[in-house]
There are 2 protein chains.
Amino acid sequence: MEKIYGNHSVRAVFMTRPKTIKRLILLKGKKSFLNNEYIDLARREKINPEILPWDQFLQAVDLTKDDKHQGVCLYCEPRAIYNEKDLELLRDARCVLALDQVSNPQNLGTMLRNAAFFGVDALLLLKNRSTDVTPVVTRVAVGGAEFIKVFKVINLARSLESLKKIGFWVYGLDERGEKTLAETDFAEKTVFVVGAEGEGLRLRTKKFCDMFVRIPGGRVGLESLNAGVSTALAFAEFYRK
Amino acid sequence: MEKIYGNHSVRAVFMTRPKTIKRLILLKGKKSFLNNEYIDLARREKINPEILPWDQFLQAVDLTKDDKHQGVCLYCEPRAIYNEKDLELLRDARCVLALDQVSNPQNLGTMLRNAAFFGVDALLLLKNRSTDVTPVVTRVAVGGAEFIKVFKVINLARSLESLKKIGFWVYGLDERGEKTLAETDFAEKTVFVVGAEGEGLRLRTKKFCDMFVRIPGGRVGLESLNAGVSTALAFAEFYRK
C-alpha cells in the first residue's frame, strides 16, 4: 500500500486515481468543512472514511506529530512506476527531468511540485542511486507527484539514448555550461539532467548530454542554488519560449 | 552571540566578518583537509580553534546529530540587523526582497541563498510576523545570509513607501497578477514583495504595490510553487534583463 498525507496530496489522489484508494483516515475535530469535503469525496468512491481522535489517528497513519499530515491520510494501491522499457510512452512528451543521483527527499518533492506546476511530463530516477517516491516526498510535492509519470531506470545513460532515439535533446544543468538558460534555444522535446547537490553530474552521464547549460549568477562563497530551485528555473525558461 | 554551523555558512562568516568570530569549534576526526582549512582561517584571525570529540562537540555547539553541522560551528557577534530608519542605506541598491509574513525557516533560508546567488541587495522582514534569521535559517542559506543586508521592519507598508521615495518600484508576486514575470519590464530599482505560502499578500500590503506579477503555470490540484522557488524565478527574471 502507498501512504499519502496532507490536504493537497490527498486531494490530488482523489483527482487522478480515486479507484486506487483503499482507506481514508481523518482526524476527529479537524476543521469540519475540510473533513466534510473528504467525506463527500470518499462517499463518491464508496469508501467509508475512518474519523479518529489524535492518538488513534497517529497510530493508524503511522506518523508522528512532526509529520505535516494536516489530519488527513489515505492508503492506496502503489502508484504506477515505469521502467526503461516504457520510455516509448514519452513519444509525445515535450519535457522530461532526469535525475542523476539526487538523494534528498525535500529536493525530490520540490522538483515534483515544480514539474507539475510547469507541465513537465515525466521524471527519470536512477533505480539504485536515488531516493524513492516516499510518503515524505509526495507530501513535499503537495500533490505534484500525481501529475508526473515516474520512471525508475537502472542505467541513466542508456535511458537518455532511448529518449534521443524518439527525438529528445538532452541538456545537462552544469555550473560550467557553455550557455545560460536564457541564451539557449531549447529543442521541441527537451530532457533536463540534474545532478546531486554538491556533486553535479557524473562523468558517464555527461557523455550523453548534447549540451550543458548554466544558471547565471553566483559569487565566491555562494556558487550554486538548491537543486530543487535550479529545476524550476530550467522549466520556467523552457516554457517561457 | 550568534551561532553559525555547516561548511558553507562558516566559510562565509570568515569571508565577510572575520573580526566578529569569538569561538570556532571543530569535530575531532572530521576530514583532516577540512579541519586544516578552518585551523588556518582561525589562526589568521588569532582564534584558537577547539577540536572536540563527538559528544563534547555536540554539547559545545548545542546541536543534535540531526542538525547538519558538518562538524564545524562558530560563535560570533550577532550580525548587523537594520531597521526602518536605515532604509536610506538602500539608495544605491537595485533589487530588494520584502517578505510579508513568511514564517517557514526552510523557505527563508532558501530565499537568502537565492538572493545571494543572484546579487539581491537586501531583505526586509516583518519584525513581529516573520521567522528570525536563526541558526537553522543561516544553515539552509549555506552562507547566503552573510551577503545580504537584513532589515527588520515594524510596518511593511511604511517601509515600501520609504523605498518608493528613493526610487524603487514595488512588484507584488501574486497568482492573479496582471502580467507574467517574463512580460514585465522591471524598473531599474525593484522591490519584490512575497507573501506567506497558502495565504499570499495581505490586503494592506497589496495597497502599496505598484503592480502585481505572476508566474505562469499551475493546474487544478497544483496552483502554486514553494515561496522559496518563486523568489528565485523573480530574481532570475529581473537579472535576465
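Let's start inside chain A, at the meeting of its two domains: between domain 1 of chain A and domain 2 of chain A there are 4 residue pairs in polar contact, both residues of each pair being at pLDDT 80 or more. That confidence value is there because what you're looking at is a predicted model, and side-chain atom pairs count only at pLDDT 80 or more.

Which parts of domain 1 of chain A do the touching? Strand S1 (2-5) and helix H1 (7-16) of chain A each supply at least two residues to the side that meets domain 2 of chain A. H1(A) gives the most to that side, with 6 residues. Sort the residues on this side of domain 1 of chain A by class and you get 5 nonpolar, 5 polar and 4 charged.

Where they touch, 14 residues come from domain 1 of chain A and 8 residues from domain 2 of chain A.

There's a salt bridge to look for here too. The count across the interface of domain 1 of chain A and domain 2 of chain A is 1 salt bridge. You can find Glu146(A) paired with Arg17(A) in a salt bridge, their closest N and O atoms being 2.7 Å apart.

How much surface goes into this meeting? The size of an interface is often given as the accessible area lost when the parts come together. Between domain 1 of chain A and domain 2 of chain A, the buried area is about 910 Å², and carbon and sulfur atoms give 58% of that.

Next, step back and bring in the second chain. The contact between chain A and chain B takes 36 residues from chain A and 36 residues from chain B. Here the buried area is about 2,800 Å², with carbon and sulfur atoms giving 60%.

Polar pairings turn up between the chains as well. Across the interface of chain A and chain B there are 10 residue pairs in polar contact, both residues at pLDDT 80 or more. On the chain A side, helix H4 (105-118) and helix H8 (227-240) each supply at least two residues that touch chain B. By class, this side of chain A has 17 nonpolar, 11 polar and 8 charged residues.

Finally, the salt bridges between chain A and chain B: the count is 2. Arg240(A) forms a salt bridge with Glu237(B), and the closest N and O atoms of this pair are 2.4 Å apart.

Definitions and conventions. Residues are numbered from 1 along each chain as its sequence is written. Chains are lettered from A and ligands numbered from 1 in the order in which they are written. This is a predicted model: local features need pLDDT of at least 70, side-chain atom pairs count only at pLDDT 80 or more; totals for chains, interfaces and linings use all residues. Side-chain values use heavy atoms; hydrogens and water are left out. Contact means heavy atoms within 4.5 Å. Buried area is the accessible area (1.4 Å probe) that two parts lose on being put together, summed over both. A salt bridge is a side-chain nitrogen of Lys or Arg within 4 Å of a carboxyl oxygen of Asp or Glu. A polar contact is a pair of N or O atoms within 3.5 Å; within protein, one must be able to donate a hydrogen and the other to accept it, and residues adjacent in sequence count only if both atoms are side-chain atoms. Helices (H or I, at least four residues) and strands (E, at least two) are DSSP runs, numbered from the N terminus. Ala, Val, Leu, Ile, Met, Phe, Trp, Tyr, Cys and Pro count as nonpolar, Asp, Glu, Lys and Arg as charged, and the others, Gly among them, as polar.
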